[in-house]
Amino acid sequence: MKIGDLARITGTNAETIRYYEREELLPVAARTDSNYRIYGEAHLERLSFIRNCRNLDMTLDEIRKLLRFKDNPANDCEGVNQLLDGHIDTVGNRIRELRHLEQQLKGLRKLCRDPLDAGHCGILNELAQPVDMPPRSHVKVERVPHTLRGVKQMSSKK
């Protein structure tokens with residue numbers, strides 16, 4: 001089958017298929033005399049595997065590791081379990097980070113309950129505040145968290 005057929009069957013963009021080939025996740029396809037890529041059943045199965053992994057938000061590196069196990073079916077799969085456990089931990093951390101982000105956004109949203117002119121918008125004004133960052137070691141700056149964190153406006157010590 002040609003790349004367009006493989007793309008249609010798997011719901012994958014043709015450029016993504018080419019990218020997976022360049023990244024060596026998919027074996028390079030044979031070419032016809034007119035230089036069209038020709039894909040077989042093995043490409044379809046492997047691309048489906050990759051797509052399922054991507055749907056689980058796995059990185060290309062994680063997928064490479066899983067493919068090594070898949071390509072060596074006689075090997076022990078303990079590494080697969082470890083990889084999946086690590087991915088589960090990563091997803092858990094991201095969920096916690098997203099919950100924190102949601103709370104920050106809700107706090108920000110509360111700053112502008114009624115529509116005002118943009119010059120007086122609590123959200124825009126809060127977003128314009130300096131970001132709390134650790135000071136550079138050679139510059140002495142005291143940072144006070146801004147109003148989004150429930151503390152007084154930013155100030156600096158001179």
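Predicted model: local features only at pLDDT ≥ 70, side-chain atom pairs only at ≥ 80, totals over all residues.
This is a short walk through one chain, from its overall layout to a few single residues.

The chain has 158 residues, and 23% of them are buried. As for secondary structure, there are 6 helices and 2 strands. Going along the sequence, the order is α-α-β-β-α-α-α-α. If you take the contacts with a separation of 6 or more, 36% of them join residues 24 or more positions apart.

Let me start with the core. How many residues does the largest nonpolar core have? The count is 19, and the residues with the most contacts inside this core are Ile17, Tyr20, Leu25, Ile50 and Ile63.

Which residues does Ile50 touch, leaving aside its neighbours within four places in sequence? Ile50 is in contact with Tyr20, Leu25, Leu26, Ile63 and Leu67.

Now to the first pair of helices in that list. A general point before the numbers: two packed helices are described by the angle between their axes and the distance between the axes. For α1 and α2, the axes come within 9 Å and cross at roughly 105°. Angles of 65 to 115 degrees count as roughly perpendicular, so α1 is roughly perpendicular to α2. On the α1 side, the contact is made by Ile3, Leu6 and Ala7, and on the α2 side by Ala14, Ile17 and Arg18. By type, that contact has 5 nonpolar residues, no polar ones and 1 charged. Ile17, then, is part of this helix contact and also one of the residues with the most contacts in the core.

Next, the backbone. In general, most residues other than glycine have a negative phi. Glu24 is not a glycine, yet its phi is positive, at about 65°. You will find Glu24 in the loop between α2 and β1, the strand at 30–31. Is Glu24 buried or exposed? Glu24 counts as exposed, because its relative accessibility is 68%. Asp57 also has a positive phi of about 65°, and Asp57 is not a glycine either. Asp57 sits in the loop between α3 and α4. With a relative accessibility of 33%, Asp57 counts as partly exposed.

On to the cysteines. A disulfide is a covalent bond between the sulfur atoms of two cysteines. How many disulfides does a search of the whole structure find? The search finds 0. Cys121, for one, is in no disulfide, and the nearest cysteine sulfur, that of Cys112, is 3.6 Å away. The cut-off for a disulfide is 2.5 Å between the sulfur atoms. Cys121 is buried, with a relative accessible area of 11%. Cys53 is buried as well, at 6% relative accessibility.

Last, one residue from further along the chain. Leu105 lies in helix α5, residues 78–109. Leu105 is partly exposed, with a relative accessible area of 49%. In sequence, Leu105 and Ile123 are 18 residues apart, while in space their C-alpha atoms are 9.6 Å apart.

That is the tour.

Conventions:
Residues numbered from 1 in each chain as written. Heavy atoms only, no water. Buried < 20%, exposed > 50% of the residue type's maximum accessible area, 1.4 Å probe, protein only. Core = buried A, V, L, I, M, F, W, Y, C linked by side-chain atoms within 4.5 Å. Contact = heavy atoms within 4.5 Å. Axes fitted to C-alpha atoms, helices over the stretch in contact; angles between N-to-C directions. Helix = DSSP H or I, 4+ residues; strand = E, 2+ residues; numbered from the N terminus. Parallel < 35°, antiparallel > 145°, perpendicular 65-115°, else oblique. Nonpolar A, V, L, I, M, F, W, Y, C, P; charged D, E, K, R; others polar.
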